[in-house]
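Reader: I would like to learn how to read helix packing in a model. Could you take me through an example?

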Amino acid sequence: MTAPATPGGAGAADAARAAAPPEAPGGLVLPEPLWSAVCAAYGEPGRAYHDLAHVREVLCRVGEAGRDVGWRRPREVFLAALFHDAVYVPGSHDNEARSAELARQAVSHWLPGEGLDADAIARLILLTARHGALGPSDVGEEEALFLDCDMAILGSEPAAFDAYDRAIAAEYSAVPPELYAAGRRRFFEKLLAAGHIFLSPYFRDRLEARARDNLRRRLGATRADR
């Protein structure tokens with residue numbers, strides 16, 4: 001028997017899934033007000049890349065690493081990923097500190113009885129301010145995996161990498177193009193000069209070569225445009 005059609009069809013179902021909170025590990029349940037606050041933060045105008053789609057992609061990587069390697073504190077890692085870009089003002093130097101504070105407040109307000117380590121959550125978020133400035137010996141195994149989940153876009157397929165690069169440029173549209181391009185070029189050159197882009201063997205084995213190809217290709221295109 002054919003199932004009765006539902007209002008809105010597949011499009012409505014897809015929208016519902018997109019709006020639903022991600023599944024948390026360890027029996028953790030996100031209260032509706034917490035999820036609403038997360039959606040509001042990531043739904044602010046001007047977010048072309050650092051939006052809920054990015055968070056879901058990072059959480060997907062977190063899930064992959066959890067299955068293949070394992071997390072010692074999966075709930076803390078999940079919440080760090082959820083809040084790591086909750087505050088995002090292009091060019092601001094305190095985005096990560098403010099995001100970490102929001103995570104602390106959320107745990108205290110909405111998840112007080114869950115036995116969560118708010119310091120561990122905040123520490124992971126604060127480390128994302130140092131992307132490109134850390135080596136494998138500077139962080140622990142869990143921290144390396146977490147940071148690599150956030151940087152995994154660098155090792156994506158070329159089309160996805162290019163979309164990411166355009167979205168970051170859109171977020172910095174208020175910055176003079178020449179100034180933005182110079183800063184972006186320095187960041188990519190710094191990554192390429194490092195011994196490792198990815199801090200964990202898990203992501204290095206899977207994504208390092210393609211990340212370097214993407215960065216070299218983008219730098220080549222940038223130089224051609226100059």
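**Reading helix packing**

Author: Gladly! Helix 4 and helix 6 are oblique to each other. Keep in mind that this is a predicted model.

Reader: What is the angle between helix 4 and helix 6, and how far apart are their axes?

Author: Helix 4, residues 74-83, packs against helix 6 at about 45 degrees, and the axes are 9 Å apart.

Reader: Which residues of helix 4 and helix 6 meet?

Author: From helix 4 come E76, V77, L79, A80 and F83, and they meet A120, I121, L124 and I125 of helix 6. Sorted by class, this contact has eight nonpolar residues, no polar ones and one charged.

Reader: Now for another pair. At what angle do helix 5 and helix 6 cross?

Author: The axes of helix 5 (residues 95-110) and helix 6 (residues 118-127) cross at roughly 160 degrees and come within 8 Å. An angle over 145 degrees counts as roughly antiparallel, which means that helix 5 is roughly antiparallel to helix 6. Here too there is a handedness to read: helix 5 passes helix 6 in a right-handed crossing.

Reader: Which residues make the contact of helix 5 with helix 6?

Author: Helix 5 contributes E96, A97, S99, A100, A103, R104 and V107, while helix 6 contributes A118, D119, I121, A122, I125 and L126. The class count for this contact is nine nonpolar, one polar and three charged residues.

Reader: Let us turn to the core. Which residues touch the most other members of the largest nonpolar core?

Author: To read a core, look for the members with the most partners. The largest nonpolar core has 62 residues, and L79, L82, F83, L154 and F203 touch the most other members. Helix 4 gives the most to this core, with seven residues.

Reader: What is F83 in contact with, leaving aside its neighbours within four places in sequence?

Author: Beyond those neighbours, F83 contacts L34, V38, Y42, S99, L102, A103, A106 and I125.

Reader: And the whole chain: how many helices and strands does the protein chain have?

Author: There are 10 helices and zero strands. Of the 226 residues in the protein chain, 43% are buried. For contacts with a separation of 6 or more, 67% are between residues 24 or more positions apart.

Terms used:
Residues are numbered from 1 along each chain as its sequence is written. This is a predicted model: local features need pLDDT of at least 70, side-chain atom pairs count only at pLDDT 80 or more; totals for chains, interfaces and linings use all residues. Side-chain values use heavy atoms; hydrogens and water are left out. Axes are lines fitted to C-alpha atoms, for helices over the stretch in contact, and angles run from 0 to 180 degrees between N-to-C directions. Helices (H or I, at least four residues) and strands (E, at least two) are DSSP runs, numbered from the N terminus. Angles under 35 degrees count as roughly parallel, over 145 as roughly antiparallel, 65 to 115 as roughly perpendicular and the rest as oblique. A crossing is left-handed if the near helix is turned anticlockwise from the far one by less than a right angle, and right-handed if clockwise. Contact means heavy atoms within 4.5 Å. Ala, Val, Leu, Ile, Met, Phe, Trp, Tyr, Cys and Pro count as nonpolar, Asp, Glu, Lys and Arg as charged, and the others, Gly among them, as polar. A nonpolar core is a set of buried Ala, Val, Leu, Ile, Met, Phe, Trp, Tyr and Cys residues joined through side-chain atoms within 4.5 Å. Buried means under 20% relative accessible area, exposed over 50%, partly exposed in between (1.4 Å probe, protein chains only).
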